[in-house]
Amino acid sequence: MLTASIATFEIRYQLKNPVFWVAVAIFFLIGFGVAASNNVSIGTPGSVHENSPFAITIALALLGLFYLFVITSFVANAVVRDDVTGFGPMIRATPVGRSQFLAGRFLGGLVIAILGYMAVPLGIALGSAMPWVDPETVGPGGFATYAWPFLVIAIPNLILSSALLFSLATITRSMLASYIGVLILVMGYLTVSAVLGNEPAYQDALARFEPMALGAIGEISRYWTAAEMNTRAIPFEGNLLINRLLVQAGKPRGQGRGGAATGSDSACAPQLWHRSFAGEFLDAVED
Amino acid sequence: MLELSGVSHVYPNGTRALDDVTLSIPKGMFGLLGPNGAGKSTLMRTIACLQAPTAGAIRFGEIDVLAQPDALRRTLGYLPQDFGVYPRVSAYQMLDHMAVLKGIHDARDRRGVVENLLNQTNLWAVRGKAIAGFSGGMRQRFGIAQALIGDPELIIVDEPTAGLDPEERNRFLNLLAGIGENVVVILSTHIVDDVADLCPRMAVLAEGRVQLEGPPRDLIGSIAGRVWQRTIAHQQLPDMQAAHEVISHRFFAGDIVVHVLSDSQPEGFAPVTGGLEDVYFATLAQTRRPAAAAAA
């Protein structure tokens, strides 16, 4: 209840944040561009429809990597806002429990991240409906075509990314440090997946453990024909299922005080938060 | 009601911000007067459980503040010095959020509390406007509104009138005066008039120590007949300071009006009715003298 109220405040706060709408616009345009232009496509062979289940799945998995920067601005902001604005002392003088407070902030940030990412499927849907798009390159589409990959690919990725970045921001307590952290993370990810992706020996491991599910999608669809890519929803089984479960389970764990239910967010964040509170005493300056 | 005993705080860099502060603060408005850097904010933050003192004990009624900070927070209203606000959030929305954090979970209760406080602090007309765009006075009124959520029994306001124009300051003091006598209100300030206007009891804090404590009227009485005034040209000030115990001086139409403390009337001086300001400056002068002697 308390957590929900805090999350609601967070969502309303972020909905007024220009960063949110700029991100929505950018990711909408990317989705739109990918679908509406014959020259732009990500990961789909020529005869595969712009809005085929496979194209949407790939787009949602791949764009998530760039969306990390947007998530940082949501969840890192939720962590550092009190210190940056100078409103913190008032919050800390209230009896609200830190775990519940953090859980609310995290949940709100996550919901906002999910809402914002809906711009991608929206952009694809609208883009493929444009009159200048060759009807030969457009499939039937339909709500499920978009909803299914969003559910099995995008949402788990967003939960993992948000939890990771929330922890990162809690540790560093700085917006800039969080962005740098994300940059390192993304570069590390790209390097590792580029190196291992070329080794057939690692294919299975990559499919299981690669957090954005691109490895798993690649493995599943390796021998798909264009017709399959146009019609088959990505099957939620085998290594993809393992991957998705691992993504949800394999995040940092700890004992959050108060045991607030936060889905599967990183429960170690509250502890770090507590520690950083203790640290604040040390550098408080006499005024 | 609020009992501090032997509260000391030493920052890691060695600064002794609070030195054995022992105070007994009853219900009603209590003025904590001191120059900038006297340790007022450290004391306020310590009482508000935002930082732990290195030594000492604090009790509020039945609550052992250092051992049960959450119990204190449930009955605490705190207005910090120079606070900031979130961008793009309206006064109503922020108060509502603070009410949630202070444990008012029923939406209807919360609405009543928030609307009441917005009226009380004269912010009703601007309730939908972003706090970030408020003037200094409006912002402080918002600050006191959030401090009053949930009927706290201990209210701490840290330097609330600093930077307010006289009209805004008056309005703010009116608001404070209306809070009621059944709660403890600690008003920290470096402006003597704030305390003189409002507080039946006060203490002077300087260099981390309580230098003086009591009802302002008694304190003024203690220096009655010992304050003398003279108007001099400003070149004469150093001589005057060498010859007499000058507690304060201020410019008036280009000349300087000095107040000195003395048991008998010094030559050329006229008697003057001492005010709280003289008490305050006399106390500060006494505090500084040993330090100055040590430095010399």
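A crossing of two helices is termed right-handed if the near helix is turned clockwise from the far one by less than a right angle, and left-handed if it is turned anticlockwise. In the predicted model described here, this term applies to the packing of helices α7 and α8 of chain A, whose crossing is right-handed. Helix α7 of chain A spans residues 143-172 and helix α8 of chain A spans residues 175-197; their axes come within 9 Å and cross at roughly 135 degrees. Angles over 145 degrees count as roughly antiparallel and those from 65 to 115 degrees as roughly perpendicular, and α7(A) and α8(A) are therefore oblique to each other. On the α7(A) side, the contact involves L164(A), L165(A), L168(A), A169(A) and T172(A), which meet A177(A), S178(A), G181(A), V182(A) and L185(A) of α8(A). By residue class, this contact of α7(A) with α8(A) comprises seven nonpolar and three polar residues, with no charged residue.

From α3(A), the residues I56(A), A59(A), L60(A) and L63(A) take part in the contact, and α6(A) contributes V120(A), P121(A) and I124(A). The residues of this contact between α3(A) and α6(A) divide into seven nonpolar, no polar and no charged.

Chain B is divided into two domains, with domain 1 covering residues 2-215 and domain 2 covering residues 221-295. The C-alpha centres of domain 1 and domain 2 of chain B are separated by 33 Å. Their contact draws 12 residues from domain 1 of chain B and seven residues from domain 2 of chain B. Between them, the two domains of chain B bury about 850 Å², and carbon and sulfur atoms account for 80% of this area.

The remaining results concern the interface between the chains. The size of an interface is often given as the accessible area lost when the parts come together. For chain B and chain A, the buried area is about 3,200 Å², with 65% of it given by carbon and sulfur atoms. In terms of residues, 37 from chain B are in contact with 31 from chain A. Within the area that chain B buries against chain A, Y86(B), R88(B) and L101(B) supply 23%, more than any other three residues.

Key:
Residues numbered from 1 in each chain as written. Chains lettered and ligands numbered in written order. Predicted model: local features only at pLDDT ≥ 70, side-chain atom pairs only at ≥ 80, totals over all residues. Heavy atoms only, no water. Axes fitted to C-alpha atoms, helices over the stretch in contact; angles between N-to-C directions. Helix = DSSP H or I, 4+ residues; strand = E, 2+ residues; numbered from the N terminus. Parallel < 35°, antiparallel > 145°, perpendicular 65-115°, else oblique. Contact = heavy atoms within 4.5 Å. Nonpolar A, V, L, I, M, F, W, Y, C, P; charged D, E, K, R; others polar. Domains from an automatic or database assignment. Buried area = accessible area lost by both parts, 1.4 Å probe.
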